[in-house]
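Here is a short tour for anyone meeting this structure for the first time. Have a look at the model, then read on.

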Amino acid sequence: MTGRAVIERTAFVAFAAFMLSVPWSVPSLISQFWVSVITEILIWSLFAASVNLLFGYVGLLSFGQALYFGFGMYGVGIGIDQLHLTFWPAFGLGIVAAIAMALVSGVFAVRLTWHYFAIITVVFSLIFYFIAVRIKPLTGGDDGINFSMPPTFTFGRSVWSFTDPTFQYFFILGTVAFCFYLMHRVTRSPLGKAFVAIRDNDVRAALIGINVYLTRLTAFVMAGFLAGVAGALFAFFGRYASATYMFYHVSGEGVVWAIVGGAGTLFGPVIGTTLFIVIREIVSTHWEHHSLIVGVMAILVVILAPKGLVGLWRAALDRMEDAKQSKAMPRMVKTEL
Amino acid sequence: MTEAVLETRELTRRFGGLTAVDNLNLTVPSGQLHAIIGPNGAGKTTLFNVISGLLRPQAGHVFFRGQEITGLPAHEISRLGIKRTLQVKSVFSQLTVAENLWITCEGSKRFLHPLRDAQSDRAARERVEKTLEQVGLAALANRPAGTLSYGDVALLEIGMALISEPKLLLLDEPTCGMSPAETERAVEKIREMARIVDIVIIEHDMTVVFGIADAITVMAQGAILASGNAKQISEDERVREAYLGRPEDEDYVEEALNA
């Protein structure tokens, strides 16, 4: 194994170990409050991953992912509050609603690329935002829907439910980790290679026989699934669903998180989301204009590190390996890059 | 004569007021390396774009081995076995050399597995390795294609053409921008390929065309000006006028000599 693989594996194991210890380590080190912040970071990371799947892997910049997040949320909220569903059917309804919406809008959206694509995704998201605000009896409008949490598992007398913060944390961690694992598998698969080929050169991709339209639509629906799962989890986490999360401002945050963290990398969105939510939580208690910091950082990263923070980290590892190699071969003339 | 591998009937493609391909009847017999030449703007690349499905014609038909392919989407035409290169070298710059070959080999499958590891398909991997050897890029297999030199990109393009097992290969100025040494290598590869596959080539370099083509079609203003073998074409008066040497240029040379 190379030095680089060792470093990356160690970092991943340390990260995984920390995530598994959060319900015990974080309250003793900082406070219980931060457990819920970390839970929220997990959910929003999955949302940023949805943006990343489209932009980082297929080259489609969507400013409308909040729509599918919102459908995931409302699937759960309406499912529990109005249809009186239990936990799993409501979860399923949220995901299916998001996928169905992604399929319907994707059929139109992926015919377009670049700014046309970005605009149509915003338009779809705005249309459904205003519809959701208008149909108050169903959606609760601006106030949203509050619901009481049904249990997740019931075995005889033992009940697991989100009312237990530790169970809630591990359920969300497990679901998000599973989705990231799926995405990891997809990006390494034949379909994932076709995604990147289309991102690099869509005309050439068509000429080698890839059905560009269908592949883009597949990616769009998959991204809708990720955003839908995130939205459903967020509804369970907050015990409510609201149209405000369907507004395109939320989509924009996902785009910033994914790009700053590193679009086209699996963990970039996690890092970007973590950074900005931590800044928000720390700074917002002292200073109300915390979004200024977010803006400045986003601009700096886009200019100085176009491949995001993960790109910076990888470049540092590359330099480290180059340094090792040039130490081993001191006579070799290094070419300027 | 064998069956025509490619045939166009009254094919027309206009851009606004400009007729790029004008009522074109072209027949490419099987088993030949066919070259299309012509001055800039003659409609050669537009013809390729229409054949390969990137553009739809306004009128006329395209037949591939007797099957009508007019207006089919590009990926379906590609899946029938018509592969092409683009005039401006275009590979997938962020994929590695091996991945470029891999996706070209596997991309035309109807179903792309969403969860299986791309590396796990042994048959495809072996074909990639074989092709890397064939075009001499084995040492660069793991380099991103965007970091290759121009000549290596051209070799990769040829590798991509090979691995896709084409039935008909459309090459759009394959030696454009190459050094003489690179051109020679590319011409060698094209000759090799021509033994196993039908090739139609658009080329500006006359020495390349006259060196490798069995048959030449000259296009001018979207229509066929002349066709024949290298000798017939180089002696054709109309072709000389339209393309090879302009009388004014000769006058200019004479004047220069007399001065």
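Which residue takes a positive phi just after H5(B)? That would be Glu165(B), with a phi of about 45°. Keep in mind that this is a predicted model.

## Helix H5 of chain B

H5(B) covers residues 150-163, 14 residues in total. From first C-alpha to last it reaches 20 Å, close to the 20 Å expected at 1.5 Å a residue.

Is H5(B) enclosed or open? Since 10 of its 14 residues are buried, H5(B) is largely enclosed by the rest of the structure. The buried ones are Ala154(B), Leu155(B), Leu156(B), Glu157(B), Ile158(B), Gly159(B), Met160(B), Ala161(B), Leu162(B) and Ile163(B). The cover over them includes strands S6 (82-84) and S7 (168-172), along with helices H3, H4 (122-135) and H6, all of chain B.

## A residue in helix H6

H6 of chain B, one of the elements covering H5(B), runs over residues 180-194 and holds Thr183(B). With 19 other C-beta atoms within 10 Å, Thr183(B) counts as partly exposed, because buried would take 20 or more.

Leaving aside residues up to four places away in sequence, Thr183(B) touches Thr175(B), Met178(B), Asp205(B) and Val208(B). Asp205(B) sits 22 residues from Thr183(B) along the chain, and their C-alpha atoms are separated by 9.8 Å.

## Where the chains touch

Now for the contact between the two chains: 28 residues come from chain B and 22 residues from chain A. On the chain B side, helices H2 (74-80) and H3 (97-106) each supply at least two residues. H3(B) gives the largest share of that side, 5 residues. By type, the chain B side splits into 11 nonpolar, 11 polar and 6 charged residues.

## Cores and a helix in chain A

The largest nonpolar core has 164 residues. Those with the most contacts inside it are Ile43(A), Val76(A), Ala98(A), Leu226(A) and Ala230(A). Not counting residues up to four places away in sequence, Ala98(A) touches, among others, Tyr68(A), Phe71(A), Phe225(A) and Ala227(A).

There's also a second, separate core of 5 residues, including Phe267(A), Ile271(A), Val310(A) and Trp313(A). Ile271(A) turns up again among the buried residues of helix H12 of chain A, as do Gly268(A), Pro269(A) and Phe276(A).

Definitions and conventions: Residues numbered from 1 in each chain as written. Chains lettered and ligands numbered in written order. Predicted model: local features only at pLDDT ≥ 70, side-chain atom pairs only at ≥ 80, totals over all residues. Contact = placed C-beta atoms within 7 Å. Helix = DSSP H or I, 4+ residues; strand = E, 2+ residues; numbered from the N terminus. Nonpolar A, V, L, I, M, F, W, Y, C, P; charged D, E, K, R; others polar. Buried ≥ 20, exposed ≤ 12 C-beta atoms within 10 Å, placed from the backbone. Expected span 1.5 Å × (residues − 1). Core = buried A, V, L, I, M, F, W, Y, C linked by C-beta atoms within 7 Å.
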